[in-house]
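Subject: Structure handover

Hello,

Here is the structure I said I would pass on. Please open it alongside this email; my notes follow below.

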Amino acid sequence: MLDMVMYGLMILIVICIILIWYVNVYNKFQEYIIRINEVESNIDTILRKRFDLLNKSIGIIKSSNEELNDKDVLKEINELRSKKLSNFELDRLLYESINEFHLYKDTIPELKNNESFMKIDLGINESEIEITALRKYYNDIITEYNKSVKVFPNMIVSKICHYKNKPYFDGKDMTDNIVNDFKL
């Protein structure tokens, strides 16, 4: 009888240890998810700021050069207004528009004398610094998260909760494989 009680107690202890481990790993995943969501929100804010700055520059660019009045200036910005995009796609398209913005800045001398345009240029440069820092922070969190999804024994929890690898925010084509599985 005493053996049965000891056996039952040991099983209970093992179950408690497994449960404590599971809750600990689950909470670590939740912490990653919260951090990822937080940085995605910050990235979204900066991308919207960049979009607004580029959008404001269209009128200034057109007014600085009469030849551009009939042309589509910063065409991607006009097209972005009606699209629903991920932050990855939006970042890529905004980067293309920023390159076009800098091209206008370099080819239209009047823009360098326009105070509003120069404020927009300064804002875009500041946003580049911010987005670079946020992109690095995001990728650092994603690295930790993806490692946890793949390593044993955490992968048990990730499979139970259906956690998958997440893509890095690196400006590459998002159709690429997000994480290569290496096989020995």
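Which residues in α3 meet which residues in α4? Phe88, Asp91, Ile98, Phe101, His102 and Lys105 in α3 are in contact (heavy atoms within 4.5 Å) with Phe117, Ile120, Asp121, Ile124, Asn125, Ile131, Arg135 and Tyr138 in α4.

Before the rest, two notes on the source. This is a predicted model, in which local features need pLDDT of at least 70 and side-chain atom pairs count only at pLDDT 80 or more, while totals for chains, interfaces and linings use all residues. Residues are numbered from 1 along each chain as its sequence is written, and side-chain values use heavy atoms, with hydrogens and water left out.

The protein chain has five helices and zero strands, in the order α-α-α-α-α along the sequence. Helices (H or I, at least four residues) and strands (E, at least two) are DSSP runs, numbered from the N terminus. Of the 184 residues, 32% are buried, where buried means under 20% relative accessible area, exposed over 50% and partly exposed in between, with a 1.4 Å probe and protein chains only.

Back to the helix pair. Helix α3 (residues 87–107) packs with α4 at an angle of about 145°, with the axes 12 Å apart. Axes are lines fitted to C-alpha atoms, for helices over the stretch in contact, and angles run from 0 to 180 degrees between N-to-C directions.

Next, the aromatic rings. There are eight aromatic pairs in the structure. Rings of Phe, Tyr and Trp (its six-membered ring) pair if their centres lie within 6.5 Å; planes under 30 degrees apart count as stacked, over 60 as edge-to-face and the rest as tilted.

Tyrosine 32 and tyrosine 145 make an edge-to-face pair, 6.3 Å centre to centre and with 90° between the planes. This pair links distant parts of the chain: tyrosine 32 is in helix α1 (residues 2–64) and tyrosine 145 in helix α4 (residues 115–150), 113 residues apart. Tyrosine 32 is buried, at 6% relative accessible area, and tyrosine 145 is buried at 2%.

Tyrosine 138 and phenylalanine 169 also form an edge-to-face pair, with 6.0 Å between centres and 90° between planes. Tyrosine 138 is in helix α4 and phenylalanine 169 in the segment after α5 (154–160), 31 residues apart. Both residues of this pair, tyrosine 138 and phenylalanine 169, are buried.

Finally, Phe29, Tyr32, Tyr145 and Tyr163 form one aromatic cluster.

Regards
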